[in-house]
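Please keep the sequence and the model open beside the text while reading.

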Amino acid sequence: MKSKITSLRKICKRPKVLLLGNGLNRSFGSESWGDILSELSCTSFEEEEKTIIDELTFPLQAIVYTGDNVDEGIKLLSEKLTNMPISEGYSEIINEYINLDFDVILTTNYTYDIERGIDKNFSCKARRSSKYRKKSFNGNASEEQFGLFKYMYVNDKYIWHIHGEAAREDSMILGHYYYGKLLACMQKYISTLIRRYKGLVTKGDFLPLSWIDYFMLGDVYIVGLGLDQSEIDLWWLLNCKKRHNKELNGGKVYWFEPNMKNMKSFSRYKLAEVNNIEVITENVKSSQYMRYYRTISKTIKDYL
C-alpha cells in the first residue's frame, strides 16, 4: 500500500536534532548487538570461536553468523523486534529526552522504544501500513527501500529510523552489502540536497524531504551511540557535514559518550576531533550507566 505524501514543516531556523543509539536500551539490560547477532547464527560456534568472531565489525559479524544469509537474519530480527515491549523505567528515561526541545529524533535502532515512550498505545505490525508512518516524497527504488523519506509521526513528534525499522524488514540495514547500498543512496542524495539548498539561504525557509536534510543543516546531539568504526555511513555523513558546512550553513555536532578519554577510545576520540565533533565525556563505570543517561538528558539543556 502506497503512503500518501505528507509535507514536512519548513526549516526556518537551524534545526535541533537528537540522534539516539542503543546505549540507553543497554543501560536497562537489553541485549547487546553482539548477543543478538550470535542468536542469528546458522552454525554452532564454541565460545572461544565467538570471541574471535566478535573481533570483526558488526556488519561482518552478521555475515559470518548467518552464513552470508543476511536476508534470513533480517527476517528473524524483524519478527523478534517488531513488538518488543518497553520497560517502565526505560519509558521514563526516554521521555526525558523526548520532551527536550528537539525538532526531530533520529535513531539507529530498529525497535519502536521512542514511539512507545511517546504513546503507550503505539502499535505497528510487520509488513503492514501504519497510521503513524508518513512519507515526504516519492523516491527511487533504493530510496524507498531504505526509507530516506519515511518517518514516524507520533503526538507531534518526528522520528526517523535511519537504519530501518523492524516492521519493514526490507528497510533494515545489516551486513556490508546493505550498508554499501545505503551509503550509495546517501551520496547521491547529498548532491541533490546541495542543489536544492542553493539560493534558498536568504529566503529563511527550506522544505526538508529526508532525515539527511536535518542532519546536514542542524545542530546534532548524539547520545547512546558509540559510533563504532563499522558505522561507515554515519562517519561518512559526519565528514560530509564538515566539508559542506559553510555552503549549507550547517550546525555543530555534539557527541555525549562516556569514557572517551580512555586509551581504548583514543582512535574514535581523535576521529571525532578531526571531524569537528565536540565530545562531551566523563568516566563512567558499567554500574552507573542508568544514572549517566539521566544526567545527560539534563546536561543537554545547557546546549540547546
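Predicted model: local features only at pLDDT ≥ 70, side-chain atom pairs only at ≥ 80, totals over all residues.

Residues are numbered from 1 along each chain as its sequence is written, and side-chain values use heavy atoms, with hydrogens and water left out.

**The chain as a whole**

- The secondary structure of the chain comes to 14 helices and 8 strands, and its C-alpha atoms fill a box of roughly 60 × 45 × 35 Å along the principal axes.
- The radius of gyration of the chain is 19 Å, which agrees with the value near 19 Å that a compact globule of 304 residues would have; the radius is taken over C-alpha atoms, and the globule rule is 2.2 Å times the number of residues to the power 0.38.
- Of the 304 residues, 51% count as buried, where buried means under 20% relative accessible area, exposed means over 50%, and partly exposed lies in between (1.4 Å probe, protein chains only).
- Among the contacts in the chain with a separation of 6 or more, 72% are accounted for by residues 24 or more positions apart, a contact being heavy atoms within 4.5 Å.
- The chain exposes about 14,800 Å², of which carbon and sulfur atoms supply 49%; accessible areas come from the Shrake-Rupley method with a 1.4 Å probe, and for residues only the protein chains shown count as cover.

- In helix H14 (residues 289-299), the buried residues are Tyr 292, Tyr 293, Ile 296 and Ser 297. Seen down the axis of H14, these residues fall within an arc of 140°, so they line one face of the helix; the arc is that of the directions from the helix axis to the C-beta atoms.
- An α-helix has 3.6 residues a turn, so residues three or four places apart point the same way.
- The cover over the buried residues of H14 includes helix H1 (23-27), helix H6 (88-98), strand S6 (219-223), strand S7 (253-256) and strand S8 (277-280).
- In helix H4 (residues 58-65), the buried residues are Pro 59, Gln 61, Ala 62 and Tyr 65. Viewed down the axis of H4, they fall within an arc of 160°, so here too they line one face of the helix.
- Just after H4, Gly 67 takes a positive phi of about 65°.

**Asparagines with a positive phi**

- Most residues other than glycine have a negative phi, and most peptide bonds are trans.
- Asn 155 has a phi near 50°, a positive value in a residue other than glycine, and it is exposed, with a relative accessible area of 51%.
- Asn 249, in the loop between helix H12 (245-248) and S7, has a positive phi of about 50° although it is not a glycine, and it counts as partly exposed at 42% relative accessibility.

- Leu 225, in the loop between S6 and helix H11 (232-243), is buried, with a relative accessible area of 5%.
- Residues up to four places away in sequence aside, Leu 225 touches Leu 19, Gly 21, Thr 108, Glu 231, Leu 234, Trp 255 and Glu 257, and its C-alpha lies 6.0 Å from that of Gly 23, 202 residues apart in sequence.
- Phe 206, in the loop between helix H9 (176-197) and helix H10 (211-217), is buried, with a relative accessible area of 3%.
- Cys 12, in the segment before strand S1 (16-20), is exposed, with a relative accessible area of 58%.
- The C-alpha atoms of Cys 12 and Phe 206 are separated by 6.7 Å, although these residues are 194 apart along the chain, whereas Phe 206 and Ser 38, 168 residues apart in sequence, are 44 Å apart in space, C-alpha to C-alpha.

Note on methods:
Helix = DSSP H or I, 4+ residues; strand = E, 2+ residues; numbered from the N terminus.
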